[in-house]
Amino acid sequence: MTPIFKFEGIYTPVVTPFYHDQSVNWDGLADVIENLIDKGVHGLISGGSTGENYAQSVEERLEIARFTRERSAGRVPLIVGTGAMMTPDSIALATGARDMGADAILLATPPYSVPTERENALNALAIDKAANLPVMLYNYPGRMGVHMGEEFLDRVGRSRNICAIKESSGDINRVHLLARDYPHIQMSCGMDDQALEFFAWGARSWVCGGSNFLPEEHLALYNACAVEGNFDKGRRIMSAMMPLMRVLEQGGKFIQCIKHGVTMTGIDTGPMRPPLKGLNKDDKRALEQVIRVLKSTISDIQAEG
């Protein structure tokens, strides 16, 4: 079955710049969007956890998504996140995405409630029905408490709208399962330190928070592996990126690092919303050193080509 939407390339879950009074910095958000499009990312995601959706109301999330839609003006696809604890909130986000002309939605398991596979599937199908848009599922059991398992995938996979799954479990066996048994659901890398393995197993897209501030380097890995099929080059680029992946995935300060990385590019993203706090001086210094080495090394690899 030909998917109604092909997810290919680098999709950036966009950060939300804030002022120190916690209001949205719309000029900063516009600058982030323009920079990402200018650098060549293939799509934007509004309302993901990297955008601090958990610290925003449904109305605020929709306002940010509409702004992103208007600012991007169809130059790249826009995916709107619908993740929420309550199904009515997810449906409101889904219908809002449809009404604003979004290209797709990102659909996660509701956190904390720990639904059964059947309950999770019925929840997903209700959101899918409300949006009637292409869907990228989001499997992140570390945050949600449960997997989108085989019973779930068998149920929701009957909907033509279910086009892809962002796999963020960290379990490489899930990559094998999806590639072998669910080839009709496009597999998208959602675990940054496994990007090379995802591409080797046929993934054609990567949802990566680090592309907020290193879009060209993430594109370099995607192009080497998914476009050129040059996995020797891809391994060298991935090796250069691994210190950053360790900082982002294992340091417990993912969003703080992403926002500081964007601020390093000259776009001030401001503070996080509570309960998160910013990086301390040592954390900033360590991140900045990792980024400097990464950029230099990948630049040298690219120059060889």
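A pocket is, on a 1 Å grid over the protein atoms alone, an open set of points with protein on both sides within 12 Å along at least five of seven lines, and its lining residues have an atom within 4 Å of a point. The model is predicted, so local features need pLDDT of at least 70 and side-chain atom pairs count only at pLDDT 80 or more, while totals for chains, interfaces and linings use all residues. Residues are numbered from 1 along each chain as its sequence is written, and side-chain values use heavy atoms, without hydrogens and water.

**Exercise 1.** Describe the lining of the largest pocket.

*Solution.* Step one: the lining has 46 residues, and Ser49, Tyr54, Tyr138, Tyr140 and Arg143 lie nearest the centre of the pocket. Step two: sorted by class, the lining holds 23 nonpolar, 16 polar and 7 charged residues. Here Ala, Val, Leu, Ile, Met, Phe, Trp, Tyr, Cys and Pro count as nonpolar, Asp, Glu, Lys and Arg as charged, and the others, Gly among them, as polar.

**Exercise 2.** State the volume of the largest pocket and of the second largest pocket.

*Solution.* A volume is the space filled by probe spheres set on the grid points, which are joined across faces, edges and corners.

**Exercise 3.** Find the residues around the second largest pocket.

*Solution.* Of its 16 lining residues, Pro183, Ile185, Gln186, Met187 and Gly202 lie nearest the centre. By class, the lining divides into 10 nonpolar, 3 polar and 3 charged residues.

Methods:
1 Å grid on protein atoms, 1.4 Å probe; cavity = no way out; pocket = protein on both sides within 12 Å on 5 of 7 lines; lining within 4 Å.
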